[in-house]
Amino acid sequence: MRYEAPETLEVATALLAGAGGGARVLAGGTDLLIQMRGDIVAPDLVVDIKNIAEMRVLAEEGGHYRLGAAVTGMEVMEHAGFNAAWPGVVDGVRLIGSIQVRGRATVGGNLCNASPAADSVPALIAAGAVACIAGPGGRREAPVEEIATGPGATSLAEGEIVVSFLFPERAPRSGDCYLRFTPRTEMDIAVVGAGVCLALDGSGVCTAARVALGAVAARALVVEDAARALIGSRLEAAALERLSAAARAACRPIDDKRGTIAFRTEVAGVLAERAALVAAERAERG
Amino acid sequence: MATMLKYEDRDLKVVGTRPIRPDGVDKVTGRARYGADINLPGHLYGRVLRSPHAHARLISIDCSAALALPGVKAVVTRDDFPEMPVEYAAAGELIVNFRDVTRNMMAREKVFYDGHPVAAVAATSDAVARKAVRLIEVVYAPLPHVIDVVEAMREDAPLLHEDQITAGVEPPPETPSNVAKRVRFAKGDVAAGFAQADLVIEREFDTKPVHQGYIEPQASIASYTEDGQVELWTATQGHFVIRAQCAKLLRMDISKIRVTPTELGGGFGGKNNVYLEPLAIMLSRKSNRPVKMVMSREDVFRATGPTSGAHTRIRIGCTRDGRITAAEAQLDFQAGAFAGSSVPMASMCVFTRYDIDNVEVVGNDVTVNRPKVAAYRAPGAPIAVFGVESILDEMAREFDIDPIEIRLRNAAKEGTKTYYGPVLGPIGYEATLEKARSHPHMKAPLGPNQGRGIATGFWFNIGNETTASLNVNEDGTATLMMGTVDVAGGSRAAMAMMVAEELGVAAEKVRVLVGDTSSLGFNFVTAGSRGTFASGMASVIAARQAIDKLRERAARIWEVPVDGVLWEGGHARPASSNVGEFEPMSIGDIARVAGKTGGPIAGHAEINAQGAGPGFGTHIVDVEVDTRTGLVKVIRYTVVQDTGKAIHPAYVEGQFQGGAVQGIGWALNEEYIYDKDGRLQNPGFLDYRVPVASDVPFIDTEIVEVPNPNHPYGVRGIGEVPIIPPMAAISNAIHDAVGIRLREQPMSPPKVLEALRAREAGL
Amino acid sequence: MARHHVTTRINGDEIDFLCETDQTLLSVLRDELTMTGTKEGCGTGDCGACSVMVEGRLVCSCLMLGVEVRGKSVDTIEGMADGETLHPLQRKFLEHAALQCGICTPGLLIAARALLAVNPDPTESEIRYWIAGNLCRCTGYHKIVEAVRDAAAEMRGV
């Protein structure tokens, strides 16, 4: 097995493209090393992308946050400005593994590992984040929800890397939140995850919303009906019930060691409601 | 021990204080050497090939490709180990049969569970060993499997052992079954007892296997020399028993095997058995190199002892004033692939907290296609007690009796004759209940969806073969060699303290080491909460022997009869003014001149420690239930337990707290999950959910001290009782909080939510 | 493929080692450098027994490649005491009986030190959530939390 740690995207994408599918990107490594140890993957080449400066940036650019795909979870959590702007995304990042794991794990890795239960992904989707992608054919952008296509599978072409995430401008009186359900308080994989991002007008009426669910389908879901249930409401009980019903209706979960279809579906509705309420509270606070 | 001075009459200087444990500095600096930390010059790396099938005939094993891989030095399979006849031996709290031990260590005719060893490889690197394991070609003929205990007891169930006739049934059944053994304990007339009852409640309970979850995976390193001697370092709770088993399995003389126990990274009953040791020795023999073997976490979960999963049926009758008139239990325990679950002990302790005239308990030991179970902290008791304590809670509510009061009305006490035989001596059960009743926790207010539960536990505790050797050094310090492994609870600290108390020196002046199998006589496994009790007794005897010699030497120096010399406060003193006027001599004064007065001074003990004191505890727990997700959070917890005398109270508290948290994990989230093919789905700490720090509150502790009269310092075993009550206590607390009665473990969110929905639907 | 030659700084000392590409930092520490104070409990980042600091950041050494520490600083349990003087956390773990078998202790001490570096006065809850990545099966965490709190107070000079 070869190890390369290029300093530019051009070299990295060329290395990946040239390996004919036998290469893996090494970001935080918290998923890749486990897969290597378990003989699930045996790459000929690992390309460590942490020396590529562009992927390590977390900064505001003209009202938009740009989050490098190789920024670690702990770095995200420690960034005061980003915490203030996108607390829901930070909610998701905070739930990835332990402090130790977040010391290495990256948001780009969390997305590209393509686990349906990845904690940062519903929050990124709800936030409307866009993935900026570089590949042998140049650069392109895609909404985050279009990256993972199923467990362990992505829409990235051979040689393509997610470089960074670009966040929309934060609307006034808007807020976001991500909640997940796990049997333990920490060190667990989401049985259900729910991300909600919404904006309110001066009278507390919801003017825009995005709702995303994790771990209830082969990939994180955008639930437009759930968002519609919120828009125009003041998050009163009836609206929350509609939100919850829409969230449950969108679920296409599996029965596995982490949860049953019935349980996941039921709790998806509960978490969507609770996340919406926290997001609204954050929006009110400004 | 009748001649010993009662400690209660003495002014204790060391016992009952909280000195720094002697193994502590090594453990906080990374110096302590655990199983995987031992290396030998030129050692090879061993790996095990394990069955992916739950049940299959083992048709053939072809190791040629593995042996051809550069760096591979040896491979072992079933062909390298002799057949073993049926022969039983004690190994910790469970009994083993050598015919099965050899088959569990390395499959012979069949594989019986996912993870069952089929071959092992030794190679120059771990990477090569792992690669070699994948090159071994095994042909299996898969068979139908069964992992559920109720299904395994059905007549048409897939049969694991074609020649297994249920033992303990008269006349013996004519056809084989998965029921390996039936035990029965009875007293009085249960039918008559139930007839006297105003209320009879019968319920069924289900529990899944849970794992001890020690953080250190099993690890061993063995060196077999050309003259047939073996040196083995291994992470075990009982190096003498490991030695005996290796000698038997490999047909060697016991004297040829020297086993050194490494620092132990947790055991909880799960490190009483051989797994890697015979394989490492045989690989070393075949390769002529030392061989090191360390399990992966996945190996640990797939192939080492969980405790039994079980189905239990409990029936209790009581009068309107809460007196139990009869109790009946059927306990069906999974043994795993081979006979020998903890069901006999579970059967004996299921009702022993209570003085009941009419009792009948039947226990079934049932083989299923899972790893062979191992002991886990009070083996079987939490499973059995769950149902009893749950039903008592129901009865207390039915008659509006306080849950502690109903237990007090039936509590076992000194003189109670147990239904399995012995009469109980002085015990502290009632004292723990009274202490719990007056604890501020019982009066603390509860919020919405919060509830409180209590439950109690009993464990026998044991003594057994134990040795100790104490050397008084030239400067008056002492070195104690003990033979029971310090399994974490701080027994080296406790030994140092008891010996220091006897000698009249500071605990820091006594260095305690765990001896290897060549340095002391046989010691039984550290199990059954026996370490502080039995090794304590042996250490005190050794110290008193040394003190007698110190007195003799002083008498010789003073030229007085030995009866004229007392040992007091670390000094030899004239027993009275009649003896003469002599300056007291310290232990150092005497030791420094020992060469001139008869040679070095030492004391020894080789005993079979008798008179272990039974342990009882009462737990109080508060939970909060999220009624929309089924999540149960433990918000307050109190452990009250009788310790006899607490030698080092901080480590007594540590046992209470650790046992309670293991019990919380057991109650709420821990379980073995299998797929339809009998493959374990959660062999890792991510999905086998042991509690993390943020899952649990502080665990309050109350030490009750009712001395065990059979021990020089009143010690009872304490390590096991704390894991018994939590499951029942939490179930009772959930009921108190939201009105649902959970009889299936784990009480995980999906089950809680389902029960809540069923209640809402009026089911 | 030849082994990688890596130069790094471990507990302040410049160290170089050879490793395979797929060899973890944990394996390098334990097998190549015989620094066995860092423990392996799971190998998958779920137990925290292998916790070390890399460039001042708390990580699981089982989830990092040896080659990734080239030119970086690594701090392990072996470097925690200052000569004969134990770190206050080490001392408080002993005083509070915050360890039993001790296999999780090196990882917990490294994690706790990392916590106090960023939060000198953590609440009980902050301690519990910070060390949630470090499994302990013996103590029930009670005395560990107390020891960390007490060490924090001492280090603040309270």
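Reader: Is Leu235(A) buried or exposed?
Author: In this predicted model, the position of Leu235(A) can be judged by counting C-beta atoms around its own, and a residue is called buried if 20 or more others lie within 10 Å. For Leu235(A) that count is 23 other C-beta atoms within 10 Å, and therefore the residue is buried.

Reader: In which loop of chain A is Leu235(A) placed, and what is its phi?
Author: Leu235(A) belongs to the loop of chain A that runs between helix 9 (224–230) and helix 10 (237–250). Most residues other than glycine have a negative phi. Although Leu235(A) is not a glycine, its phi is positive, at about 60 degrees.

Reader: Which strand of chain B holds Asn464(B), and how many other C-beta atoms lie within 10 Å of this residue?
Author: Asn464(B), which is not a glycine, also has a positive phi, of about 75 degrees. Its place is in strand 19 of chain B, which covers residues 464–472. Asn464(B) is buried, because the number of other C-beta atoms within 10 Å is 20.

Reader: Where in chain B does Pro171(B) lie, and what is the omega of the peptide bond from Glu170(B) to Pro171(B)?
Author: Pro171(B) sits in the loop of chain B between helix 5 (149–152) and strand 9 (179–187). Most peptide bonds are trans. The bond that joins Glu170(B) to Pro171(B), however, is cis, and its omega is near -10 degrees.

Reader: Which loop of chain B contains Pro746(B), and what is the omega of the bond from Gln745(B) to Pro746(B)?
Author: The loop in question lies between helix 19 (726–738) and helix 20 (749–760) of chain B, and Pro746(B) is found there. The peptide bond leading from Gln745(B) into Pro746(B) is cis, with an omega near -5 degrees.

Reader: What is the radius of gyration of chain A?
Author: Chain A comprises 11 helices and 14 strands, and its C-alpha atoms fill a box of roughly 55 × 45 × 35 Å along the principal axes. For 286 residues a compact globule would have a radius of gyration near 19 Å, and chain A agrees with this, so its value is 19 Å.

Reader: What percentage of the contacts in chain B with a separation of 6 or more comes from residues 24 or more positions apart?
Author: Chain B contains 20 helices and 28 strands, and buried residues make up 61% of its 763 residues. Among its contacts with a separation of 6 or more, the share from residues 24 or more positions apart is 80%.

Note on methods
Residues numbered from 1 in each chain as written. Chains lettered and ligands numbered in written order. Predicted model: local features only at pLDDT ≥ 70, side-chain atom pairs only at ≥ 80, totals over all residues. Helix = DSSP H or I, 4+ residues; strand = E, 2+ residues; numbered from the N terminus. Rg over C-alpha atoms; globule rule 2.2 N^0.38 Å. Buried ≥ 20, exposed ≤ 12 C-beta atoms within 10 Å, placed from the backbone. Contact = placed C-beta atoms within 7 Å.
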